[in-house]
Amino acid sequence: MPSAIIPGTYDPVTFGHLDVITRSSQIFDEVIVAVAASQKKGPGPLFSLAERVDMVRDATSQLPNVQIRPFSGLLVDFAVSAGARIIVKGLRAVTDFESEFQQASLNYRLNSELETIFVMATPEYMYLSSSMVKEVASLGGRISAWVTPLVEESMAKRLQELADAPPDA
């Protein structure tokens, strides 16, 4: 079975991400979690690339056939260099499908030898997103039901750092 790549920014990694990663690791012999260097929307990631890689590595440490690798540039180029032929994308809602369908079509156009497979989120995680976790945490809410202890601790620390930082002049 060819290797599969699960790309994302993972800012931060959530139990929804881990659900898709775990289920994919039961299907494919090797899964590469590709942590993207940057994201398209918003002001940029809350955590550095190294921090996100570390959090994903910690969260997937019990999965022996899962590797964590940072990447930048085109996903199709990274997939080829990693020897993967499958891109796995998690879907939560119809809005995810529209965006992911467009990306899959573009990736196919860039490299028709890569296949994209969609994995539906389990009902327990259909509503969950990294953005939601960051918002709840920033407003003082508990996020332990959605993230690992390391992510929860890292979020609290980062939000405190931001609160303590002097305002921009």
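This is a predicted model: local features need pLDDT of at least 70, side-chain atom pairs count only at pLDDT 80 or more; totals for chains, interfaces and linings use all residues.
Trainee: What order do the five strands of the open sheet come in, and is the pairing parallel or antiparallel?
Mentor: The order is E3-E2-E1-E4-E5, and the pairing is parallel.

Trainee: Which ones are the edge strands?
Mentor: Strand E3, residues 66-71, and strand E5, residues 115-120. Each of these pairs on one side only.

Trainee: How much are neighbouring strands turned against each other?
Mentor: By 30° on average, with direction ignored.

Trainee: Staying with the pairing, how many bridges join E4 to E5?
Mentor: Six, with E4 covering residues 84-91 and the two strands running parallel. Within that pair, Gly90 stands opposite Val119 in E5.

Trainee: And E1, how many bridges does it have with E2, and how many with E4?
Mentor: With E2 there are five, in the parallel sense. With E4 there are three, also in the parallel sense.

Trainee: Which residues face each other there? Start with Ser3: what stands opposite it in E4?
Mentor: Ala84. On the E2 side, Ile6 has Val33 as its bridge partner, and Pro7 has Ala34.

Trainee: Is E1 mostly covered or mostly open?
Mentor: Mostly covered, with six of its six residues buried. Ser3, Ile5 and Pro7 point one way, while Ala4, Ile6 and Gly8 point the other way. In a regular strand the side chains alternate between the two faces of the sheet.

Trainee: What about E2, how many of its residues are buried?
Mentor: Six of six, so to speak a covered strand as well. Val31, Val33 and Val35 are on one side, Ile32, Ala34 and Ala36 are on the other, and both faces are covered.

Trainee: Now the helices. Which strands does H1 lie across?
Mentor: Helix H1, residues 15-25, lies across E1, E2, E3, E4 and E5. Its angle to E5 is about 120°.

Trainee: Take Ser24, where is it found, and why does it count as buried?
Mentor: Ser24 is in helix H1. It counts as buried because its relative accessibility is 1%, and the cut-off for buried is under 20%.

Trainee: What does Ser24 touch?
Mentor: Leaving out residues up to four places away in sequence, Ser24 touches Ile6, Val31, Val88 and Val119. Val119 is in E5, where it stands opposite Gly90.

Trainee: How far apart are Leu63 and Ile21?
Mentor: They are 42 residues apart in sequence and 9.1 Å apart in space, C-alpha to C-alpha.

Trainee: Is Leu63 buried or exposed?
Mentor: Buried, because its relative accessibility is 13%.

Trainee: Last topic, pockets. What volume does the second largest pocket have?
Mentor: About 170 Å³. Rolling a probe the size of a water molecule over the atoms shows where empty space is left.

Trainee: Which residues line the second largest pocket?
Mentor: The lining is Phe47, Glu51, Asp54, Met55, Leu150, Glu153, Ser154, Lys157 and Arg158.

Trainee: Which elements give two or more residues to that lining?
Mentor: Helix H2, residues 49-59, and helix H6, residues 149-164. H6 gives the most, with five residues.

Trainee: How does the lining split by class?
Mentor: Three residues are nonpolar, one is polar and five are charged.

Conventions. Residues are numbered from 1 along each chain as its sequence is written. Side-chain values use heavy atoms; hydrogens and water are left out. Two strands pair if DSSP finds at least two bridges between them. Helices (H or I, at least four residues) and strands (E, at least two) are DSSP runs, numbered from the N terminus. Axes are lines fitted to C-alpha atoms, for helices over the stretch in contact, and angles run from 0 to 180 degrees between N-to-C directions. Contact means heavy atoms within 4.5 Å. On a 1 Å grid over the protein atoms alone, a cavity is a set of points where a 1.4 Å probe fits but cannot get out, and a pocket is an open set with protein on both sides within 12 Å along at least five of seven lines; lining residues have an atom within 4 Å of a point. Grid points are joined across faces, edges and corners, and a volume is the space filled by probe spheres set on the points. Ala, Val, Leu, Ile, Met, Phe, Trp, Tyr, Cys and Pro count as nonpolar, Asp, Glu, Lys and Arg as charged, and the others, Gly among them, as polar. Buried means under 20% relative accessible area, exposed over 50%, partly exposed in between (1.4 Å probe, protein chains only).
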